[in-house]
Amino acid sequence: MALELQAVSRIVKGQMQISPTTLTLEKGTMNVLLGPTLSGKTSLMRLMAGLDVPSAGRLKWDGADVTGVRVQDRKVAMVYQQFINYPAMSVYDNIASPLRLLGKDKAEIDRAVRATAEMLKITAMLDRKPLELSGGQQQRCALARALVKEAGLVLLDEPLANLDYKLREELRAEIPRIFEESGAIFVYATTEPEEALLLGGNTATLWEGRVTQFGPTPTVYRQPADATTARVFSDPPMNFVSCFKEGHRMNFGGLANSPADGAFAALPDGRYTAGFRANHLHLNTHSGQTVEFRCLLGVTEITGSETFLHLTHGNDRWVGLVHGVHDLQPGTEVSVWLDPAHVYIFDAEGRLAAPAAYAAAA
Amino acid sequence: MRLRGSALVMTLYLLFLLVPIYWLVNMSFKTNTEITSTFTLFPNSFTLRNYVVILTDPSWYMGYVNSIIYVTMNVVISLTVALPAAYAFSRYTFMGDKHLFFWLLTNRMAPPAVFALPFFQLYSSVGLFDTHIAVALAHCLFNVPLAVWILEGFMRGVPKEIDETAYIDGYSFPRFFIKIFMPLIASGIGVAAFFCFMFSWVELLLSRTLTSVNAKPIAATMTRTVSASGMDWGVLAAAGVLTIVPGALVIWFVRNYIAKGFALGRV
C-alpha cells in the first residue's frame with residue numbers, strides 16, 4: 001500500500017494552486033504537510049482524497065491508477081479543522097455510518113464502533129448528539145468515524161487547530177498512538193513546525209502551492225534544502241542576513257566577521273545569505289567563537305520564562321528568543337551574539353550551500 | 001406601575017387584534033335574525049345550525065376538500081422542485097447563478113392578477129381547467145421562488161465539509177441528501193412548507209379563475225353567498241371560522257421556526 005503522486009498539479013481559474021508535485025507516501029507512515037495558511041496544504045490533501053481532480057498528473061494507489069476514481073470508491077478517510085459530524089445522528093450512528101454503507105453485519109459494526117470509541121475515549125458519549133459534546137469530544141468523534149472504516153489513507157487537515165490549548169496537547173499526544181494502531185498512511189496538515197517535530201515521521205514543507213522538501217522530519221528540520229523550507233520550518237521564522245566569503249573570512253551583514261572554517265571552508269568566495277533560528281541568538285557571549293550584531297530593539301514579549309526580542313538589523317527584521325526574563329528598554333540599541341556553528345548558508349538562488357555545523361554533526 | 005402600563009398596552013393590543021376574529025366566531029353561533037336585527041356581544045339563541053349546514057352540504061364542504069387537495073399538491077411540488085434548486089444555488093457556482101437567483105424573486109413582484117388571463121387561456125386549451133393540479137401548478141409560480149430563497153438560506157448554513165465527509169464515508173449523493181442533509185435543514189423545510197401553504201391557502205384570484213365546479217376552493221365558495229333566500233350571514237361566518245382553523249394549526253406547529261424563516265435562514 002502506497003500513495004504515489006506523479007507530477008500532480010491543479011490549476012484553478014488560470015492560477016497554479018498546486019505546482020506539479022511528485023511524492024510517494026509509503027505504507028504505515030506518518031506524513032506531515034507543513035506550511036503557512038494558503039500554502040496549499042488543504043488543496044494537496046483534497047487531491048489525495050479525490051475530492052478534487054488534478055489538472056495534470058496521475059495518482060496511484062497500490063500501483064493502480066486512481067486519478068479519476070470517485071471519492072466514494074477510494075479507501076480514504078478525512079478529518080477537517082472544523083468539527084464535522086452528522087448533527088442529526090447520535091455519536092454511535094456517526095461512527096457506525098461508514099460501516100453501514102459498507103454493508104457490514106450488525107454485530108461486527110457494534111464491535112468496531114465500541115473498540116474505536118474506546119480508543120478515542122468517547123464510550124460514555126455514544127448515545128449523545130455531536131453538538132452536545134465539547135469541541136475536543138466532537139473532534140474525537142470525527143476521528144473515530146475516520147478510523148473505524150480502516151481506510152488505507154487517513155487525512156487529517158489541521159485537526160487540532162480549533163481546539164483550546166489543553167485539549168490540543170491531550171489529543172496531540174494520542175495521535176501517534178492512534179496512528180501506530182491503525183497501520184494506515186497518515187497525512188497530517190499543520191501550520192506549526194513544533195507539531196511536525198512532535199509527530200515525527202516524514203515532513204513535506206509547502207510554500208505557495210509547491211512542495212519545497214520532503215523527507216524524514218528531523219532531516220528536513222536540520223538540513224533544509226533551501227531558504228524557503230528553512231523559513232517554513234522554524235517558528236518564529238528564520239532570520240536572514242546577507243553575507244559574503246572572502247578567503248578565510250566570513251562577513252555577516254557588513255560588520256561582523258568570523259573565520260570561514262568547518263563547513264564554510266569549502267565554499268567558493270562570493271555573496272550568500274545566512275540564516276539562523278531565533279533561539280540561537282544570545283544576549284551575552286559564552287565563548288570566543290561568536291559573532292556580535294548591534295541591533296535596534298523594537299518590542300519585547302515575555303512569555304513566562306522566555307523573552308522574544310523583535311530586532312532591526314540594517315534592513316532586516318529579526319526575532320530573537322532568549323531564555324529568562326529580560327527587562328530591556330524598547331528603542332535602544334542592543335548587542336546580540338550568534339555562534340557561527342548555528343548558521344545556514346544559502347546561495348543566491350536560495351539553495352542550501354552549507355548546513356549549520358551543529359546540524360551536520362547531529 | 002411600569003408593569004401595569006405595559007400590561008395595559010398588551011391587553012389593548014390583543015383586544016384590537018382579536019375583535020374581528022371574536023366577532024366572526026360570535027356571528028357563527030347566531031341565527032340570521034339575531035345577526036341582522038340586534039346588536040349582541042354574545043349569541044342570545046346559541047345555535048350550531050350554521051356549522052351543520054357547512055358540514056352536511058357538499059357544495060360547502062367540498063370547497064374545503066378541494067382547497068386542501070390543491071394546497072397539499074402545491075406544497076409537495078414546490079418543495080420537490082425547490083430542494084434540488086436551492087442545493088445547486090447554495091453549493092455550486094455556474095454561469096449567471098446570481099442573476100438567476102435574483103430573477104426568481106422578481107416573479108413575486110407581479111400581482112397574481114397579471115397571470116390570471118394567460119393561465120386561464122393556457123389551462124383551458126390543454127384541458128386542465130377546473131382541475132386541482134391546475135391551481136397547484138399556478139401557485140408554483142409564486143411558491144417555488146419563495147421556497148428556493150428560504151431553503152437556500154438554510155442550506156448555506158450547513159458547511160460544505162459535511163457533504164464531503166459524507167462522500168468520503170461512502171454516501172452516494174441521493175442517499176446523503178435524504179439521510180444526512182435533509183434532517184439538517186428540517187426546520188427550513190418546515191418553514192418553506194408553511195409559507196407555500198399560507199400563500200396557496202389564502203390566494204383567491206387564480207384559484208377562482210381556474211376552477212368552476214370540480215375544484216372550486218372554499219374561498220371562492222364563500223364569495224358566492226347571496227342565495228334566493230337572501231344573505232346567509234351565519235353560515236358565511238361559520239365558513240370563515242373553519243377557514244381559519246387549518247392555518248392556525250399549521251402556525252402552531254411551525255411557530256418556533258417562523259422568525260428564522262422570515263430571516264430566510266440568514267442569521
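Helices here are DSSP runs of H or I with at least four residues, and strands are DSSP runs of E with at least two, numbered from the N terminus. B:Leu14 lies in helix 1 of chain B. This is a predicted model, in which local features need pLDDT of at least 70, side-chain atom pairs count only at pLDDT 80 or more, and totals for chains, interfaces and linings use all residues. Residues are numbered from 1 along each chain as its sequence is written, chains are lettered from A and ligands numbered from 1 in the order in which they are written, and side-chain values use heavy atoms, with hydrogens and water left out.

| Property of chain B | Value |
|---|---|
| Helices and strands | 14 helices and 2 strands |
| Box filled by the C-alpha atoms, along the principal axes | roughly 75 × 65 × 30 Å |
| Buried share of the 267 residues | 42% |

Buried means under 20% relative accessible area, exposed over 50%, and partly exposed in between (1.4 Å probe, protein chains only). Accessible areas come from the Shrake-Rupley method with a 1.4 Å probe; for residues, only the protein chains shown count as cover.

A nonpolar surface patch of about 650 Å² is formed by B:Met10, B:Tyr13, B:Leu14, B:Leu17, B:Leu18, B:Ile21 and B:Ile244. B:Leu14 is partly exposed, at a relative accessible area of 40%.

Methods:
Patches are made of residues with over 30% relative accessible area and no salt bridge: like charges are joined within 9 Å, nonpolar side chains (Val, Leu, Ile, Met, Phe, Trp, Tyr) within 5 Å. A salt bridge is a side-chain nitrogen of Lys or Arg within 4 Å of a carboxyl oxygen of Asp or Glu.
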